[in-house]
Amino acid sequence: VRFLNKPEPLPVLGEVGEFALTERSGAAITDASLLNHVWIADFVFTHCAGPCPMMTARMADLQDELAGLNNVKLVTISVDPERDTPEVLTAYAAKFEADADRWWFLTGPMSQIATLAVERFKLGSVEDPIFHSTRFVLVDGQGRIRGYYDSEEQEHTGRIVADVRRLLAEARR
């Protein structure tokens with residue numbers, strides 16, 4: 001009998017911890033809302049002329065590639081909450097045909113967004129939104145960070161999809 005080598009589990013790179021933000025629909029979203037879901041997070045702002053529209057387009061690609069997989073969410077968090085009201089986020093999400101059940105657009109107090117981006121997700125400063133990170137972050141169903149992916153690298157999209165499937169399989173074991 002030959003044993004197939006099981007891939008090493010993805011590393012645990014940190015914990016998201018508690019948070020409470022507002023979804024574009026006006027619904028309150030907390031860390032508990034994402035328990036038992038594998039999720040991919042990114043940080044953008046809607047009036048960005050730089051990488052944000054490309055990041056959001058890549059997230060839309062992920063929405064398509066992950067269609068049919070239950071317990072997977074996409075979470076986009078605004079780094080400019082003063083401008084990115086739920087109404088503005090709703091219009092932005094519509095441009096990218098975001099499925100409201102699977103892809104959440106969150107806003108809230110800048111202090112909480114900064115804590116999430118800098119301390120929890122380890123993505124660097126959000127003092128000036130222009131310098132925010134362009135990485136996607138993979139989070140497991142226990143709120144643990146399991147991977148970082150460069151949104152500007154096309155091949156990373158395939159890696160994220162493969163890693164999402166690995167986390168879902170791990171959760172079933």
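Mentor: Because the model is predicted, local features need pLDDT of at least 70 and side-chain atom pairs count only at pLDDT 80 or more, while totals for chains, interfaces and linings use all residues. Residues are numbered from 1 along each chain as its sequence is written, and side-chain values use heavy atoms, with hydrogens and water left out.

Trainee: Why is H47 called partly exposed?

Mentor: Buried means under 20% relative accessible area and exposed over 50%, with partly exposed in between, for a 1.4 Å probe and protein chains only. H47 has a relative accessible area of 35%, so H47 is partly exposed. H47 sits in the loop between β4 and α1.

Trainee: What does H47 touch, not counting residues up to four places away in sequence?

Mentor: H47 touches D80 and R83; contact means heavy atoms within 4.5 Å. H37 is 10 residues from H47 in sequence and 29 Å from H47 in space, C-alpha to C-alpha.

Trainee: Why is β7 said to be largely enclosed by the rest of the structure?

Mentor: Four of the five residues of β7 are buried, so the strand is largely enclosed. Strands (E, at least two residues) and helices (H or I, at least four) are DSSP runs, numbered from the N terminus.

Trainee: What makes β7 a partner of β4 and of β8?

Mentor: Two strands pair if DSSP finds at least two bridges between them. β4 and β7 have three bridges, in the antiparallel sense, and five bridges join β7 to β8, also antiparallel. Both pairs therefore meet the rule of at least two bridges. A41 stands opposite V137 in β7, and R135 stands opposite D150 in β8. β7 and β8 form a hairpin with four residues between them, and G143 in the turn has a positive phi of about 80 degrees.

Trainee: Why is the pairing of the sheet called mixed?

Mentor: Strands of a sheet pair through backbone hydrogen bonds, either parallel or antiparallel. Here β4 and β5 pair in the parallel sense over seven bridges, whereas β4 and β7 are antiparallel. The eight strands form an open sheet in the order β1-β8-β7-β4-β5-β6-β2-β3.

Trainee: What makes β1 and β3 edge strands?

Mentor: Each pairs on one side only.

Trainee: How do you know which way α4 runs relative to β8?

Mentor: Axes are lines fitted to C-alpha atoms, for helices over the stretch in contact, and angles run from 0 to 180 degrees between N-to-C directions. α4 runs at about 165 degrees to β8 and lies across β4, β5, β7 and β8.

Trainee: What makes a space a cavity or a pocket?

Mentor: On a 1 Å grid over the protein atoms alone, a cavity is a set of points where a 1.4 Å probe fits but cannot get out; a pocket is an open set with protein on both sides within 12 Å along at least five of seven lines, and lining residues have an atom within 4 Å of a point. Points are joined across faces, edges and corners, and a volume is the space filled by probe spheres set on the points. The count comes to one cavity of 30 Å³ or more, and the largest cavity has a volume of about 30 Å³. The largest pocket has a volume of about 230 Å³.

Trainee: Which element gives the most to the lining of the largest pocket?

Mentor: α4, with five residues. α4 also gives the most to the lining of the largest cavity, with three.
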